[in-house]
Amino acid sequence: MRGFGLGKTLAGALMGLALCLGSSTGLAQDEAAAAASDSTVTAKERELPPGLHVPDAARPTPDFDAASATQAYIDLLTPEQREKSDAYFEGGYWLQLWGLIYGLVVAWLLLASGAARWMRDRARAITRRPFIATMIFAAMFILANALLNLPMSLYAGFFREHQYGLATQTLAAWFGDQGKGLGFGLLLGAPLIALLYAALRRAGDRWWVWATGILFGFIVLVGTIAPVYIAPAFNKYEPLAEGPLRESLLSLARANRIPAQNVYAFDASKQTTRISANVSGLFGTTRISLNDNLLNRTSEPEILAVMGHEMGHYVLNHSTRGIIYLTLLFGFALWLTHLGLNRALKRWGGRYGIADRADPAGLPLLMAVLSIALFLLTPVSNTITRQAEAEADMFGLDSAREPHGFATAAMRLSTYRKIEPGALEEFWFYDHPSGYDRVRRSMEWLAENLDDPKVQASAAAAKP
């Protein structure tokens, strides 16, 4: 989540997996880009003003009512802000479908044009070693897939984001980041695809079991190296300056036994207007990070609330649990892919020159079937993540004790997330609790802690 969520440990691994495999899926797609609006939204029009906001109905008084306080927070958004937020997020539902269809068309083009067969033959002409040949094929495939997906990526990741006032990059800078991502995709993806095809050659009908284990190792690897080697390639990470905020964050970390000796700030404002923070890393690479948008445009209670949430993910072992759950989900998707691929090869394998399922030329077909399986499993993956986010929300409220900070931060995120979805809508599309749900939980927590001195102090210092 680009706000407060599981951070980059899982998101980076899953995004890396999608990039390496060249698939366009609906799995764990948070904040998907939406259909175009009829007008461009500036960041100033979309955002809440800086500072902590506490509506009169949400102040801790003897007659405090959680429902009225929740509604008062919801009413901080103007009708125009809600309209734009809903349009952005609801359009993302359709873009997930169009992304799937676009990916299927790309797969068809690679097969029908003979490009996949040509890449396989060129790779085999260079070397007869199957693993090395598959790595060469995979590198060509990743490059071709990136080029063919460029129009969709430009729309969803650049033009659409600027249209809603969520992006700050120039086109040249955006292409620079895409080039870096492609480089990591080649570095990690080519060996990964070669390993997957080694499983296809050697494990027979159980290839999907081997592939699941390989993907587990890949997710752990990316989750470990991403904070140290991948994230700094896109943003500059520097220790947070000495001062009361840094000490408060480190005190919060120590109180929750998080082995972080420093807090880092990174320059996300050069790319986006979103607020963001995370506790990321595995096996000794753990670090606390917050972006400069959160640091510069919000209040200390909001920052503490957000970081309390992030620390909750660490204390509750959400990264480890999430990796296990999502690996199992990938395993189920790969089993479905195994069944679907066998049928697809019987029908189209001869037409497209694919010898068998271990033939790398069939990778576009495999990716097409896998994309459909992952798309259909979107509600399952979202539910797994959403449950962890709800647990971290409550941990953050209990540890940071900043319900108004949490509610205000949730409202900031709601300027580009639909704040009150329907039940089915939330089940299928939301991998985080809705803004309404988060504000309501904050106010219910406040109702049980009205006499807390910290709560009283924050409310007294806040804007009405």
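**Legends to close-up views of the predicted model**

Of the 464 residues of the protein chain, 58% count as buried. The coordinates shown in every view are those of a predicted model.

**View 1. Overall composition of the protein chain, with 19 helices and 4 strands.** The accessible surface of the chain comes to about 19,400 Å². Carbon and sulfur atoms account for 62% of that surface.

**View 2. Helix 9 (residues 207-234) and its bend at Ala226.** For a straight helix of 28 residues, the span at 1.5 Å a residue would be 40 Å. The end C-alpha atoms of helix 9, however, are only 35 Å apart. The helix bends by about 75 degrees at Ala226. A proline, Pro227, follows this residue within four residues.

**View 3. The largest nonpolar core, a set of 51 residues.** Phe141, Trp207, Leu363, Leu365 and Leu366 touch the most other members of this core. Two or more residues each are given to the core by helix 4 (79-112), helix 5 (115-126), helix 6 (130-148), helix 8 (171-202), helix 9, helix 13 (318-349) and helix 14 (363-376). The largest share, 10 residues, comes from helix 9. In soluble globular proteins, nonpolar side chains tend to be buried together.

**View 4. Glu425 in helix 17 (residues 423-429).** The relative accessible area of Glu425 is 17%, so this residue counts as buried, the cut-off being under 20%. Apart from neighbours within four places in sequence, Glu425 is in contact with Glu90, Tyr93, Lys418 and Tyr430. Tyr93 and Glu425 are 332 residues apart along the chain, and their C-alpha atoms are separated by 9.3 Å.

**View 5. Arg206 in the loop between helix 8 and helix 9.** Arg206 counts as exposed because its relative accessibility is 60%, where exposed requires over 50%. In sequence, Arg206 and His338 are 132 residues apart. In space, the C-alpha atoms of Arg206 and His338 are 8.9 Å apart.

**View 6. Strand 4 (residues 287-291) and the burial of its two faces.** The strand is mostly covered, with 5 of its 5 residues buried. In a regular strand the side chains alternate between the two faces of the sheet. On one side of strand 4 lie Arg287, Ser289 and Asn291, and on the other Ile288 and Leu290, all of them buried.

**View 7. Pairing of strand 4 with strand 2 (residues 263-266) and strand 3 (residues 277-280).** Strand 2 and strand 4 run parallel and are joined by 4 bridges. Ala265 has Leu290 as its bridge partner in strand 4. Strand 3 and strand 4 run antiparallel, and 4 bridges join them. For Ser280, the bridge partner in strand 4 is Arg287.

Notes. Residues numbered from 1 in each chain as written. Predicted model: local features only at pLDDT ≥ 70, side-chain atom pairs only at ≥ 80, totals over all residues. Heavy atoms only, no water. Buried < 20%, exposed > 50% of the residue type's maximum accessible area, 1.4 Å probe, protein only. Areas by Shrake-Rupley, 256 points an atom, 1.4 Å probe, with all protein chains shown as cover. Expected span 1.5 Å × (residues − 1). Bend = angle between axes of the 7 residues up to and from the residue. Core = buried A, V, L, I, M, F, W, Y, C linked by side-chain atoms within 4.5 Å. Contact = heavy atoms within 4.5 Å. Pairing = 2+ DSSP bridges.
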